[in-house]
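Subject: Handing over a structure

Dear colleague,

I am passing this structure on to you, with the sequence and coordinates placed just below. After them comes a short account of what was found, written for someone who has not worked with it before.

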Amino acid sequence: MKNEIWLETKKPIDLKDPIAVVGSPGLGSIGKLVVDELIEKSKAELTTNLYSTHFPVVYHTKPAYLAHYALPGIGGVKVEKQKWGLPKVKFFTKTPSLILVNGYHANFAGAYEIAEKVVDILQNFGVKRIIITAGFGSKENKVCCAATNLNLIHEMKEKYNVETEYQGPFYGFCGLVFGAAKLKGIEAISLFAGVEPKLGDPEFLAKDSATMIVDILKQMLDFS
Amino acid sequence: MNVEIKTLKKFTPKEFTLISGLPGIAYIGKLSVEYLVQQLKAEQVAEIYSKYFPPYTLIKKDGVVELLKNELFQYKDNNKDLAFLSGNAQAFSPEGQFEVVEAILDWGVAHGLKKIYSIAAFASDKTIKNPIVYGTSTDSKLLEDFKKLGVVPLEEGVIVGENGLIMGLAKKKNIPAVCLLGETKGYQTPTGQYLIDAKAAKEVIGVLTKILDLKVNMNPLDKQAKDMDEIIAKMTEVERHIKNQIAQNTKRPSYVT
């Protein structure tokens with residue numbers, strides 16, 4: 001196939017200085033739960049889909065986000081609520097200034113390129129700040145942060161009382177979107193909610209941990 | 001783009017030698033190059049990004065995110081120009097390793113690359129008191145000066161990853177290259193992380209500084225190497241203890257029923 005990544009525009013977008021919140025399935029499915037809840041609460045509309053030949057529907061890695069060059073997975077379609085479709089990254093928007101990105105883990109061959117493409121799209125939408133949401137392995141129910149620069153970390157401490165704590169690798173769609181944002185000079189903050197990993201079921205639904213991030217986002221986005 | 005070399009500073013030598021050490025067994029290459037960069041106050045000239053690096057980012061202690069990357073540094077004195085290559089990752093797949101190394105060599109050739117010294121590890125099962133530095137090269141004559149400094153020609157083996165591949169692809173481009181391998185036990189933590197072998201790195205740096213006529217303060221590395229000695233002594237003791245236990249468990253029972 002000629003195009004490895006392609007877009008489908010569902011509706012025109014007209015936003016003013018938007019902020020993007022990004023999440024994907026991962027540890028405790030926290031990022032996905034956060035974005036799903038914000039979509040529901042804000043009644044944001046699906047405006048763009050991003051498709052790729054690098055999106056498997058069956059992963060040979062577990063968790064899915066541990067991409068490996070020798071394990072590309074299997075392509076196919078997904079069926080949800082009796083509707084089928086190709087796997088995709090979905091962009092939802094809510095006027096005047098909110099973009100919500102429901103991410104999807106690519107395989108090794110496309111992981112970096114898709115993250116860069118997502119950041120390019122957000123840049124084209126005029127986004128100046130990206131907020132990434134994810135989970136980190138912890139016995140404590142708390143939220144910590146990371147950012148593309150130290151000023152943002154100070155801002156998170158002073159304004160929202162969120163400290164840094166997690167250090168180490170950040171895998172998958174969200175980790176690479178975070179890195180691509182830094183590379184392209186876009187401000188990005190990541191909020192990590194502590195969650196105790198479940199052996200054999202890394203992507204279980206950690207709703208309480210997701211709610212902790214939603215509560216902080218309500219303050220950050222001035223959103224009720 | 002598969003491999004992107006982002007220029008941070010102009011690098012315009014007439015010709016230069018590249019010293020390369022990417023993370024691998026016991027971090028000997030990475031530590032050796034980063035130690036020289038630090039001691040010589042070499043300046044960063046470029047960053048290398050690739051879609052072939054492992055697909056994750058790193059959150060540092062201060063909370064700032066960092067992409068996986070390789071870095072190029074320059075150092076100049078009255079009679080030579082050097083460039084150093086290190087970083088926090090190697091390409092993950094064989095195809096990626098070839099492509100990243102090709103890109104680095106193309107960058108080098110465009111800037112006057114004349115010789116390469118690559119640093120890697122020689123993993124050994126033996127008890128190591130004074131690590132040997134092994135050597136191999138694109139042309140056996142190149143090793144002669146190294147042999148005078150105690151470097152032992154590598155008889156056989158594989159040099160895994162970009163630290164080996166850079167020599168292989170240098171030969172294809174007619175660039176003379178030597179690979180120095182520091183002997184190490186390659187101890188790993190329970191999570192599979194290699195312990196940094198400063199003792200082996202010190203031996204490799206000792207050889208390189210003589211070959212390149214560099215004056216480098218070795219005191220900080222001496223301290224690190226001493227700490228490594230203590231760790232190795234503890235690990236050896238643990239190994240001995242485990243071997244004894246296994247031997248006891250496999251003893252024949254002293255009775256029969």
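**The sheet of chain B**

In chain B, strand β9 (residues 133–137) and strand β11 (residues 177–184) run antiparallel and are joined by 5 bridges; strands here are DSSP runs of E with at least two residues, helices are runs of H or I with at least four residues, and both are numbered from the N terminus. Within β11(B), it is B:L180 that stands opposite B:G135. Please bear in mind that this is a predicted model, in which local features need pLDDT of at least 70 and side-chain atom pairs count only at pLDDT 80 or more, while totals for chains, interfaces and linings use all residues. Residues are numbered from 1 along each chain as its sequence is written, and chains are lettered from A and ligands numbered from 1 in the order in which they are written.

Chain B has an open sheet of 9 strands with mixed pairing, in the order β1-β3-β6-β7-β2-β8-β11-β9-β10, where two strands pair if DSSP finds at least two bridges between them. Its edge strands, each pairing on one side only, are β1 (3–7) and β10 (152–153) of chain B.

**Where chain B touches chain A**

The contact between the chains takes 26 residues from chain A and 16 residues from chain B, two residues being in contact if their C-beta atoms, placed from the backbone, lie within 7 Å. On the side of chain B, β4(B) gives the largest share, 4 residues. Strand β10 (residues 168–171) of chain A and β4(B) run antiparallel, joined by 4 bridges, and A:G168 has B:I59 as its bridge partner in β4(B).

**Two helices of chain A**

Helix α2 (residues 111–124) and helix α4 (residues 172–183) of chain A pack at an angle of about 60 degrees, their axes being 8 Å apart; axes are lines fitted to C-alpha atoms, for helices over the stretch in contact, and angles run from 0 to 180 degrees between N-to-C directions. That angle makes α2(A) oblique to α4(A), since angles under 35 degrees count as roughly parallel, over 145 as roughly antiparallel, 65 to 115 as roughly perpendicular and the rest as oblique. Among the residues that meet are A:Y112 and A:V119 in α2(A), and A:F173 and A:L176 in α4(A).

With kind regards
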